[in-house]
Amino acid sequence: MPHGTPRTALRALAGPPGESPGAFGAFTGDSVPLRGTALCLRLRRAPAKGFRPCAFGAHRAEKHAPCRAASWVTPRKRYAKGELSVNPICCPQCGGLSAYCIRPDGLFQCPECGDLLDRRDIDLDGMEVWGVAADGTLSTTTDPAHSLACLMEAIEDFLTADECPNAEYARLDSMRNATESLAAYIDARRLGIKRPEFGYPEESVRTAVNAGADMILGAISLGEPEEDAINLVVNAAITSLTNPGASFAEMVEENYGEDAEEVRSWWGWSK
């Protein structure tokens, strides 16, 4: 039956003249009635435990092994009323039949085939982040920082809707976008994703600190010890930004690949 074709139109094509079209096909007036006739129905058995029904019939997940995906199978789902924007990360070894679940040791395991996944191997593109749902399922959702940015943009669109040719449509569209963005943010927080920190982006801070050091070094004639000291301050500031609480020794190791005593010996600096 072609999808979308009215049933009445299909019945009109049931058969040649003299035959009566019906839901079960064409039949003539002298056809044998069904009443009193034994029917032989073929029943489909439920798949046994450990088997999954699909287009190839009921079978174990191993049948899909030759068709392994190159990346995780993550069902995409658009937000609707009462629906979450969280998507489970499914095991590619099983053809996407089962989602990874967290284990007590912190690894993720497929309950179908036992395939293991380390969190260090999770690499997401775009504005997605991963977390663990309440039932232990490894899932992805939209980065809450991106959801908040979209929410703010939707609010601005709503406030400026009167400037659009179709103000009513612009207001409705901005309200829909605001609802979706807020729902995605809530889902991310429920998934355990930390709320975004408001402030200057890391790259902006790096640029500002280096520009400040270049300003001083370009305007004041300093010796090499002073220049090295300013560079140490710049590197220490950036390290404190990315790794709060880091020690001087950790900063030196990260930026210079030396130990603290080696740096102090450059110009006879003491602790």
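**Reading helices and buried residues in a predicted model**

Author: Let us start with one residue. Ser181 sits in helix H3. Keep in mind that this is a predicted model.

Reader: Is Ser181 buried or exposed?

Author: Look at the relative accessible area. Buried means under 20%. Ser181 has a value of 10%, so Ser181 is buried.

Reader: With which residues is Ser181 in contact, leaving aside its neighbours within four places in sequence?

Author: With those neighbours set aside, Ser181 is in contact with Ser147, Cys150 and Leu151.

Reader: Which helix is found among the elements that cover the buried residues of H3?

Author: Helix H2 (144-159) is part of that cover. Strand E8 (138-142) is also included.

Reader: Now the helix itself. How many residues does H3 have, and what does it reach from its first C-alpha to its last?

Author: H3 runs over residues 167-190, which gives 24 residues. Its end-to-end C-alpha reach is 35 Å. That is close to the 34 Å expected at 1.5 Å a residue.

Reader: Which residues in H3 are buried?

Author: Take the general idea to begin with. An α-helix has 3.6 residues a turn, so residues three or four places apart point the same way. Now the case here. The buried set in H3 is Ala167, Ala170, Ser174, Ala178, Ser181, Ala183, Ala184, Tyr185, Asp187 and Ala188.

Reader: Take Ala178. What is its relative accessibility?

Author: Ala178, another residue of H3, has 19% relative accessibility and counts as buried. The cut-off is under 20%. Apart from neighbours within four places in sequence, Ala178 is in contact with Leu151 and Ala154.

Reader: What follows H3?

Author: Gly192 does. Its phi is positive, near 95 degrees.

Reader: On to helix pairs. At roughly what angle do the axes of H4 and H5 cross?

Author: The general idea is simple. Two packed helices are described by the angle between their axes and the distance between the axes. Here, helix H4 (residues 202-219) and H5 cross at roughly 170 degrees, and their axes come within 10 Å. H4 and H5 are therefore roughly antiparallel to each other.

Reader: Which residues in H4 meet which residues in H5?

Author: From H4 come Glu202, Val205, Arg206, Val209, Asn210, Ala213, Ile216 and Leu217. From H5 come Glu227, Ile230, Asn231, Val234, Ala237, Ile238, Leu241 and Thr242. This contact of H4 with H5 divides into 10 nonpolar, 3 polar and 3 charged residues.

Reader: At about what angle do H5 and H6 pack?

Author: H5 (residues 224-242) and H6 (residues 248-256) pack at about 100 degrees, and their axes are 10 Å apart. That makes H5 roughly perpendicular to H6. On the H5 side, Asn231, Leu232, Asn235, Ala236 and Thr239 make the contact. On the H6 side, Met251, Glu254, Asn255 and Tyr256 do. By class, the contact of H5 with H6 has 4 nonpolar, 4 polar and 1 charged residues.

Reader: Now the loops. Where is Thr137 found?

Author: Thr137 is in the loop between strand E7 (128-132) and E8. Its relative accessible area is 12%, so Thr137 is buried. Its side chain joins that of Asp135 by a polar contact of 3.0 Å. Leaving aside neighbours within four places in sequence, Thr137 is in contact with Pro88, Ala99, Tyr100, Cys101, Gly131 and Val132. The C-alpha atoms of Thr137 and Asn87 are 50 residues apart along the chain and separated by 9.6 Å.

Reader: What is the relative accessible area of Arg119?

Author: Arg119 has 40%, so Arg119 is partly exposed. Its place is the loop between strand E6 (116-117) and E7. Not counting residues up to four places away in sequence, Arg119 touches Ile102, Gly106, Phe108 and Trp130. Arg119 and Ile102 are 10.0 Å apart, C-alpha to C-alpha, and 17 residues apart in sequence.

Reader: Last, the whole chain. How many helices and strands does the protein chain have?

Author: The protein chain has 7 helices and 8 strands. Of its 271 residues, 22% are buried. Among contacts with a separation of 6 or more, 40% join residues 24 or more positions apart.

How values were computed:
Residues are numbered from 1 along each chain as its sequence is written. This is a predicted model: local features need pLDDT of at least 70, side-chain atom pairs count only at pLDDT 80 or more; totals for chains, interfaces and linings use all residues. Side-chain values use heavy atoms; hydrogens and water are left out. Helices (H or I, at least four residues) and strands (E, at least two) are DSSP runs, numbered from the N terminus. The expected span of a helix is 1.5 Å times one less than its number of residues. Buried means under 20% relative accessible area, exposed over 50%, partly exposed in between (1.4 Å probe, protein chains only). Contact means heavy atoms within 4.5 Å. Axes are lines fitted to C-alpha atoms, for helices over the stretch in contact, and angles run from 0 to 180 degrees between N-to-C directions. Angles under 35 degrees count as roughly parallel, over 145 as roughly antiparallel, 65 to 115 as roughly perpendicular and the rest as oblique. Ala, Val, Leu, Ile, Met, Phe, Trp, Tyr, Cys and Pro count as nonpolar, Asp, Glu, Lys and Arg as charged, and the others, Gly among them, as polar. A polar contact is a pair of N or O atoms within 3.5 Å; within protein, one must be able to donate a hydrogen and the other to accept it, and residues adjacent in sequence count only if both atoms are side-chain atoms.
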